[in-house]
Amino acid sequence: MNNDEIRASLLKRSRASKNELFGKIISGLCIAIIVAVVVSIFYFVASKGLATFFHDKVNLWKFLTGTIWNPSTTDAQGHPQVGALPMIIGSFAVTFLAAIVATPFAIGAAVFMTEISPRIGRKVLQPVIELLVGIPSVVYGFIGLSVVVPFVRHTFGGSGFGILSGTFVLFVMILPTVTSMTVDALNSVPRNYREASLALGATRWQTIYKVVLRASVSGIITAVVFGMSRAFGEALAVQMVIGNAMLLPSNLISPASTLTSVLTMGMGNSVMGSLSNNALWSLALLLLIMPLIFNIIIRWIGKRGAMH
Amino acid sequence: MKKKLITLLGLTSLMIILSGCGLKQSGESITAVGSSALQPLVEAAGDRFTEEYPGKFINVQGGGSGTGLSQIQAGSVEIGNSDLYAEQKSGINAKHLVDHRVAVVGVAPVVNKKIPIKNLTLSQLAQIFSGDITNWQKLGGPDQKIVVINRAQGSGTRDTFERWVMKGRSTMQAQEQDSTGMVRQIVASTPGAISYMAFPYVDQTLRTLNIDGVTPTDKNVQTNKWQIWSYEHMYTNGKPEGLTAQFMKYILSDTIQDEIVGEMGYIPIKDMKVSRTLTGKVAAIK
Amino acid sequence: MNARKWDKVATTILYLISIFIIFVLAFLLLYILVSGLPNVSWHFITGRSSSFQAGGGIGIQLFNSIYLLVLAMLISVPLSVGAGIYLSEYAPKNWLTNLVRNAIEILSSLPSVVVGLFGFLVFSINMKFGFSILSGALALTVFNLPLLTRKVEDSLQSIHYTQREAGYALGLSRWETVIHVVVPAALPGIITGMILGMGRIFGEAAALIYTAGQSSPPLDFSNWNPLYIASPLNPLRSAETLAVHIWKINSEGIIPDATKVSAASSAILVLFVLLLNFAARYVGNRLYGRLTGVKERK
């Protein structure tokens with residue numbers, strides 16, 4: 001082999017580096033497509049949702065704090081009645097309550113599956129949990145309607161429809177998601193953490209509580225936020241049990257409504273481009289923005305919690 | 001294995017691209033979109049149509065009257081189904097739309113079976129839905145709170161009910177449901193519940209009420225003695241042509257009107273003794 | 001109380017929680033199966049649905065569900081794996097990457113009805129795909145991508161960096177390390193993500209109502225030419241899936257046996273998700289074994 005050939009082979013891109021470039025381009029292309037989808041959805045929802053404020057001249061503050069939702073009629077001053085406060089409160093109430101109820105259960109089950117009995121966990125709990133994700137929300141809704149609503153009616157009074165029933169249904173719906181993500185978080189804690197703790201003479205519970213859970217706080221928080229986002233965006237099942245009354249909820253057992261339930265109910269009945277339709281898109285925009293705020297709040301709490 | 005996978009992927013994407021580019025498909029089809037109440041009827045008629053004329057397909061979609069009217073106005077479908085006159089919907093310019101009234105449907109108030117009341121006056125009914133009467137005791141029933149279940153804003157059934165019962169009074173904020181199936185299930189299972197629904201959906205799980213002594217039957221609707229009814233509309237953008245025209249004619253033919261429309265609980269248009277205009281003027285049909 | 005007692009108490013509580021969860025889940029499953037299975041028959045599984053008489057089946061709906069699932073996974077799995085690889089292995093750690101990550105996370109909580117309307121306006125109307133399997137598959141892709149991407153990224157991230165270093169030490173490029181070392185090792189996690197995704201697709205209704213549509217025109221199972229209008233494979237025909245069918249007969253359907261049909265359909269749906277789970281797990285384990293040389297997942 002003469003010098004020229006060696007030089008050429010050294011200066012030429014190797015097969016591996018070509019491969020490398022190829023890989024980078026392919027994977028970059030994939031993420032570009034996803035980003036394009038994300039951006040177009042944001043643009044799409046924002047352009048429709050903001051039309052209520054720019055095109056139909058609804059006051060943003062009135063939209064957020066008004067309590068009467070009746071887009072086809074106008075109030076005494078001739079402004080359309082699009083007050084979203086009852087739905088905003090309803091959405092937040094069911095989401096937070098469901099998350100508060102579901103979190104301890106999810107963490108408990110996840111700890112059981114990873115620390116106490118991985119065998120039962122993987123053989124029994126995990127398949128069942130994955131299966132539950134596949135049950136359509138309509139089915140959850142119908143079970144809610146035929147089991148949860150009568151239960152609430154007999155136990156707590158009222159008609160049975162309301163935030164409490166919504167909370168129960170959402171609790172069962174987000175439990176699988178939160179649990180399986182928490183399991184992932186616990187599994188990613190390195191084994192030597194546990195071994196070190198046990199070697200120091202800590203009991204299993206002390207290891208779990210003081211080492212494993214502490215080490216996976218951020219993962220658990222992500223799981224809970226994810227579950228809350230799902231609860232916030234869930235439509236069909238909640239719509240069936242919450243009652244859909246656009247009133248400010250005064251207690252947990254009177255009919256209320258959520259952003260999604262109003263959105264799903266109204267979409268087919270309104271005409272594209274009309275105010276009633278645009279107002280619904282504004283609700284969709286709210287739905288997009290809210291999880292963002294959850295994220296920020298919970299991350300902030302997580303950071304503060306992690307310091308101690 | 002990788003090669004096979006890639007070939008498969010390539011073939012699929014080729015197929016998608018080919019068909020996506022609008023390579024001429026064999027067969028002919030039109031799409032009808034809109035009112036979910038009208039959907040089963042049009043679907044049944046469409047199935048029959050395909051059986052009789054192989055290769056011609058009717059695609060029937062729900063989505064609500066609002067969607068149907070928006071889409072027919074935008075020209076993206078051939079037929080828009082609606083429970084309402086296009087003129088009643090804000091945001092719709094009805095000028096270019098041609099109305100085909102294919103059936104009539106009556107709407108009846110329904111209550112939970114445990115409520116022993118059989119008859120109400122029109123004004124009592126209106127007072128229940130406006131929130132002025134809140135207990136069945138006031139109407140001669142048991143001491144039981146009235147649970148009002150309304151339909152979603154903008155739904156055709158609610159519009160019909162409000163127009164002929166409320167007559168301009170506003171309904172109170174109450175539970176709302178967007179589908180008849182849900183309403184039926186809730187009224188059947190909730191003590192003291194009252195709502196309203198189209199005749200074809202009424203079954204033994206709940207009870208209908210008479211209004212001022214008139215029973216909600218097809219006969220009474222045909223003579224307008226029972227006033228709470230509406231037309232089911234199928235709109236086309238301009239005069240229907242080709243397959244659309246053929247299908248519209250088919251759905252208005254006697255066979256379909258008798259065997260499907262009547263069978264499903266709707267009232268065939270030709271059985272109506274009266275007609276009613278958009279503004280509510282009633283005239284006898286000779 | 002000392003640490004040992006606490007340990008006992010905590011363990012008991014954890015057992016109780018797990019039993020409670022198993023109980024709730026078992027109740028749900030049994031409820032669905034017990035109320036549904038008695039109504040399932042061969043005729044029901046293969047028959048054609050009826051629009052107003054009793055005795056309809058779900059044959060076409062079931063086929064549509066499976067076909068749609070396959071199409072949607074064909075589009076979304078390669079995309080999400082690529083995107084996950086980029087995010088986990090190539091993306092620079094800066095605010096832009098974080099923004100993208102957060103945006104994807106937010107997208108995953110988007111109510112499916114919004115995804116459905118987005119798909120309706122973009123795929124069905126703007127791209128003129130109409131109410132079709134293709135629009136449905138694309139909408140499901142939009143709906144499923146964020147979750148899958150996230151899951152892929154997470155499972156790649158959880159692979160220890162020493163594995164990558166081992167790859168580099170062998171003279172592999174970064175891409176080769178990813179493909180031959182990291183992805184195979186992360187396969188179980190990716191498969192779990194896919195199973196969750198498939199379950200969600202199979203059970204999704206709201207995103208499909210406006211895209212794949214709610215009608216099931218008669219199919220001609222003897223003609224598999226994708227361009228024939230009544231061919232089962234035609235991606236431009238409208239296709240009602242099982243979940244949409246359940247939703248439809250419960251909302252405005254007037255068939256007299258709606259409760260029975262919907263209970264039976266739910267049972268079939270759950271059984272299918274179960275079947276998919278087992279199949280995916282089996283294939284995943286085989287693949288994992290073949291790619292990494294590990295006999296069985298520990």
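## A walk through chains A, B and C

Visitor: In this predicted model, which helix gives the most residues to the side of chain A that touches chain C?

Guide: Counting residues as in contact when their C-beta atoms lie within 7 Å, the contact draws 64 residues from chain A and 67 residues from chain C. On the chain A side, 20 residues come from one helix, spanning residues 15–54, and that's the top contributor: helix α2.

Visitor: Where does α4(A) bend?

Guide: Helix α4 of chain A runs over residues 85–116, and its 32 residues reach 45 Å from first C-alpha to last, close to the 46 Å expected at 1.5 Å a residue. Still, there's a bend of about 30° along the way, with Pro104(A) following within four residues. The bend sits at Ala102(A).

Visitor: Over residues 12–34 of chain C, how far apart are the end C-alpha atoms?

Guide: UniProt's unreviewed entry lists this stretch under "transmembrane region", along with others including 178–202. Residues 178–202 of chain C are 100% helix, with end C-alpha atoms 30 Å apart. Residues 12–34 of chain C are also 100% helix, and there the ends are 31 Å apart.

Visitor: What percentage of residues 28–254 of chain B is strand?

Guide: That range is what UniProt, again in an unreviewed entry, lists as "domain: PBP". Its end C-alpha atoms are 24 Å apart, and helix makes up 31% of the chain there. Strand comes to 28%.

Notes
Residues numbered from 1 in each chain as written. Chains lettered and ligands numbered in written order. Predicted model: local features only at pLDDT ≥ 70, side-chain atom pairs only at ≥ 80, totals over all residues. UniProt positions renumbered as here; feature names shortened; annotations may be inferred. Helix = DSSP H or I, 4+ residues; strand = E, 2+ residues; numbered from the N terminus. Contact = placed C-beta atoms within 7 Å. Expected span 1.5 Å × (residues − 1). Bend = angle between axes of the 7 residues up to and from the residue.
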